[in-house]
Amino acid sequence: MKCNYHTHNEMCGHAGGTIEDYVKCAVANQMEEIGMSDHIPYPGDVFGMRMHYSRLEEYINQTLKLKEKYRGQIKVLLGMEAEYLTNYDDYYKQLLEQKGVEYLILGQHFYVSEDGAMSNVYSDMHSTVECISYVKNCIDAMNTGYFAYIAHPDLMFINDFQVDDSVKMAIDMLLNEAVKRDYILELNANGFRRGKSRFLSGERYPYPADFFWKEVAKSGVRTIIGADCHSVDALCDEAIVQGENMARELSLNLVEKLEIA
């Protein structure tokens, strides 16, 4: 893999390694570009499992300094992984237009359900109908123009669902919008690291979900492989090879490099 745009670091609190550790690893593996994309902190630290808001400037400044330090060896990009929540529109704009953030990737770990409640994909998704709500949130995010691509678009399938009509409808909705907008979806290697489990739909990885990516292949939607690395050794590990093999076997429309100025 020549480029990776989904990279975490110790600031998020659930990863290891400094930003420079990942840059050095990317250089050692002869990568062309590495994008740092730690979880976006929200003002007031309203969500867990991410850096504190007080460290945002430190994260930005460190990444920008490394961009200059390693210029000529590798292109270092300043990004962030963010959920799309409508009441934070001004914040996303500030990051992109004033803070030097070069790209956002959509990692929709939270979503607003049909009843208006804030829900967590890991704990609150109890029905396949909620897959449709989740996808609607993703489509709203796609329409903003804030996000370079959707990280782990099949994250909802960490839940033990049968592939029923609601699931099929959700997949169709997402892929139809991606086709319409020529949007990029990420095949996320971190799911391979979680190992296979027994689901109602059969034994599989929680993500990438094979039934989902078979539909992506049929649609021709552009796909990028993301390491989603939370340790330095995961930047170029066997999970990346699995992702590349899966992309090749399904003949996915693979994108190697993002177009970021």
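Q: Okay, contact means heavy atoms within 4.5 Å. So which residues does Ser-166 touch, not counting residues up to four places away in sequence?
A: With those sequence neighbours left out, Ser-166 touches Thr-128, Val-129 and Ile-132. Keep in mind that this is a predicted model, where local features need pLDDT of at least 70 and side-chain atom pairs count only at pLDDT 80 or more, while totals for chains, interfaces and linings use all residues. Residues are numbered from 1 along each chain as its sequence is written, and side-chain values use heavy atoms, with hydrogens and water left out.

Q: Is Ser-166 buried or exposed?
A: Buried, because its relative accessibility is 16%. The cut-offs are under 20% relative accessible area for buried, over 50% for exposed and partly exposed in between, using a 1.4 Å probe and protein chains only.

Q: Where does Ser-166 sit?
A: In helix α5, residues 165-181. Helices here are DSSP runs of H or I with at least four residues, numbered from the N terminus.

Q: How do α5 and α7 cross?
A: Their axes come within 10 Å and cross at roughly 35°, with α7 covering residues 210-219. Axes are lines fitted to C-alpha atoms over the stretch in contact, and angles run from 0 to 180 degrees between N-to-C directions. The crossing is right-handed, meaning the near helix is turned clockwise from the far one by less than a right angle.

Q: Which residues meet there?
A: Val-167, Ile-171, Leu-174, Leu-175 and Val-179 of α5 meet Phe-211, Phe-212, Glu-215, Val-216 and Ser-219 of α7. That contact divides into 8 nonpolar, 1 polar and 1 charged. Ala, Val, Leu, Ile, Met, Phe, Trp, Tyr, Cys and Pro count as nonpolar, Asp, Glu, Lys and Arg as charged, and the others, Gly among them, as polar.

Q: Switching topic: how many residues are in the largest nonpolar core?
A: It has 80 residues, and Tyr-92 and Phe-212 have the most contacts inside it. Helix α4, residues 129-144, gives the largest share, 8 residues. A nonpolar core is a set of buried Ala, Val, Leu, Ile, Met, Phe, Trp, Tyr and Cys residues joined through side-chain atoms within 4.5 Å.

Q: And α1 with α2, how do they cross?
A: The axes of α1 (residues 19-28) and α2 (residues 56-69) come within 10 Å and cross at roughly 30°. They are therefore roughly parallel to each other, a label for angles under 35 degrees.

Notes:
Helices (H or I, at least four residues) and strands (E, at least two) are DSSP runs, numbered from the N terminus. Angles under 35 degrees count as roughly parallel, over 145 as roughly antiparallel, 65 to 115 as roughly perpendicular and the rest as oblique.
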